[in-house]
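Here is a walk through one protein model, meant to be read with the structure open beside you. Have the viewer ready and follow along.

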Amino acid sequence: MLTGIRERLRDPGRVRRLAYGATALIIVAVVTTVEDGVSVPAGWAWLVLPVGLGATALRPRYRTAVFAVCAGFVAIVSTGESVQLGLAAAGLVFVSVCEDPARNPWLGWVVGLIGATGALTIALLNERGVYEQPLFFVTAGYLVAVLFRSWSRGFALARETGELREEAAWREQRANLARELHDVVGHHVTAMVVQAEAGQLSDDPGAALRAIAGSGRTALSELDTLVVHLRDPTASIAVSAPPRLSDIDELLAQPLRQQGVTVRVELDPDPGLDEIGVLTAYRIAQEALTNIARHARATAAWVELIRVGDHVRLRVSDDGIGPPRAATSGSGLLGIGERVSARGGSWELSQRPGGGTVVQANLPVVNP
């Protein structure tokens with residue numbers, strides 16, 4: 001039960017309603033019980049009740065002004081014999097400041113201080129001594145309201161920050177899924193197309209069909225894993241066993257070789273990449289080689305991955321038609337940029353001297 005109460009008290013809206021209810025009870029109790037010791041007929045103090053009730057139907061800025069005037073009125077008519085009216089003035093200042101839509105509320109406090117100063121002046125003129133209590137009550141009401149506004153705003157900011165973090169995490173999951181879908185399934189589909197085209201000219205079309213079937217089964221298996229992740233975002237997004245850098249030569253280069261493209265792969269035996277770094281380099285090489293197979297019309301391609309100081313340089317180049325003249329925002333290049341940025345590296349797409357395209361990425365090593 002205590003946990004439930006604490007949870008309820010963490011909601012600023014609910015706490016505000018409770019505070020307003022308690023304040024209203026205090027104001028009603030004080031105003032309706034005052035009988036004498038007021039600088040005007042006691043019945044006049046009752047006016048703040050219907051006026052305050054009617055103010056609840058107004059817009060916040062008008063509501064603030066009405067409660068501020070009520071606070072000033074209650075403060076100025078109070079005397080040393082009706083000191084309890086200071087509680088009503090404090091409550092009205094509290095509500096006025098809480099309802100003030102301004103970023104730095106001041107109206108309720110200033111009008112309350114004017115009323116309190118008026119009460120002090122009247123007491124001095126009537127030689128009743130120094131009556132400074134309204135000043136303290138009004139200031140107390142203002143301070144409590146400011147503290148409440150600060151807590152409420154901090155709670156709202158914390159909740160909004162949490163929601164933004166959840167949304168950012170969701171977007172990151174979707175982006176990861178999009179990259180995996182494009183890189184993994186797209187690569188297998190490209191391989192199937194290449195194998196089908198090569199099989200038409202092959203003396204053994206059955207081998208090509210078996211290769212296509214194998215690629216298709218792999219693509220369907222990994223697509224099924226991605227669908228599972230869509231249904232359950234907490235499920236692992238890994239679609240296959242972690243790749244090795246040697247798979248660049250053994251797996252990724254095969255569709256190009258089946259097209260008749262000469263592919264040379266040079267890999268540093270100890271580049272200093274962790275598992276995520278290896279996956280990043282593998283996916284970048286995968287996208288670059290897939291693009292060569294699809295678009296480059298190349299006769300030769302080169303893959304070079306070497307360690308240079310505190311980073312690893314991955315360079316994939318070809319002697320094809322070169323990069324597109326107009327900037328492109330395809331999913332593949334976008335995925336490369338996202339993967340490199342996530343690792344704190346850099347990358348570029350450029351024209352190869354002598355013709356062709358160069359994709360170069362620089363990735364930080366684990367232990368420079």
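Let's start with a term: two residues are in contact when they have heavy atoms within 4.5 Å of each other. With that in hand, take contacts in the protein chain between residues at least 6 apart in sequence: 68% of them join residues at least 24 apart.

Before going further, some housekeeping. This is a predicted model, where local features need pLDDT of at least 70 and side-chain atom pairs count only at pLDDT 80 or more, while totals for chains, interfaces and linings use all residues. Residues are numbered from 1 along each chain as its sequence is written, and side-chain values use heavy atoms, with hydrogens and water left out.

The protein chain has 13 helices and five strands. Here helices (H or I, at least four residues) and strands (E, at least two) are DSSP runs, numbered from the N terminus. Of its 368 residues, 39% count as buried; buried means under 20% relative accessible area, exposed over 50%, and partly exposed in between, with a 1.4 Å probe and protein chains only.

Now for the cores. In soluble globular proteins, nonpolar side chains tend to be buried together. A nonpolar core here is a set of buried Ala, Val, Leu, Ile, Met, Phe, Trp, Tyr and Cys residues joined through side-chain atoms within 4.5 Å. The largest one has 32 residues, and those touching the most other members are Ile-248, Leu-256, Ala-281, Leu-289, Ile-292, Leu-314 and Val-316. Elements that each supply at least two residues of this core are α10 (247-252), α12 (275-296), β2 (300-308), β3 (311-318), α13 (331-342) and β5 (357-364). Helix α12 gives the largest share, ten residues. There is also a second, separate core of 29 residues, and Val-30, Val-38, Ala-55 and Ala-88 are among them.

Stay with α12 for a moment. Setting aside neighbours within four places in sequence, Ile-292 is in contact with Leu-256, Arg-297, Ala-298, Ala-301, Val-316, Ser-317 and Asp-318. Leu-279 is also found in α12, but with a relative accessible area of 23% it is partly exposed. The C-alpha atoms of Leu-279 and Pro-243 are separated by 6.4 Å, although the two are 36 residues apart along the chain.

Arg-297, one of the contacts of Ile-292, deserves a look of its own. Most residues other than glycine have a negative phi, and most peptide bonds are trans. Arg-297 has a positive phi of about 55° although it is not a glycine. It sits in the loop between α12 and β2, and it is exposed, with a relative accessible area of 67%.

Next, move to a pair of helices. Two packed helices are described by the angle between their axes and the distance between the axes. The axes of α6 (residues 85-99) and α7 (residues 107-125) come within 7 Å and cross at roughly 155°. (Axes are lines fitted to C-alpha atoms, for helices over the stretch in contact, and angles run from 0 to 180 degrees between N-to-C directions.) Angles over 145 degrees count as roughly antiparallel, so α6 and α7 are roughly antiparallel to each other. Where do they meet? Val-93, Ser-96 and Val-97 in α6 meet Gly-108, Trp-109 and Gly-112 in α7.

Thr-64, in helix α5, is buried with a relative accessible area of 1%. Leaving aside neighbours within four places in sequence, Thr-64 is in contact with Ser-96, Glu-99, Asp-100, Pro-101 and Leu-107. Ser-78 lies in the loop between α5 (60-77) and α6 and counts as buried at 3% relative accessibility. A polar contact of 3.4 Å joins the side chains of Ser-78 and Tyr-131; such a contact is a pair of N or O atoms within 3.5 Å, where within protein one must be able to donate a hydrogen and the other to accept it, and residues adjacent in sequence count only if both atoms are side-chain atoms.

Thr-23, in helix α2 (residues 12-33), is buried too, at 10% relative accessibility. Its side chain reaches the backbone oxygen of Ala-19 at 2.8 Å. Not counting residues up to four places away in sequence, Thr-23 touches Gly-91, Phe-94 and Val-95.

Definitions and conventions
Parallel < 35°, antiparallel > 145°, perpendicular 65-115°, else oblique.
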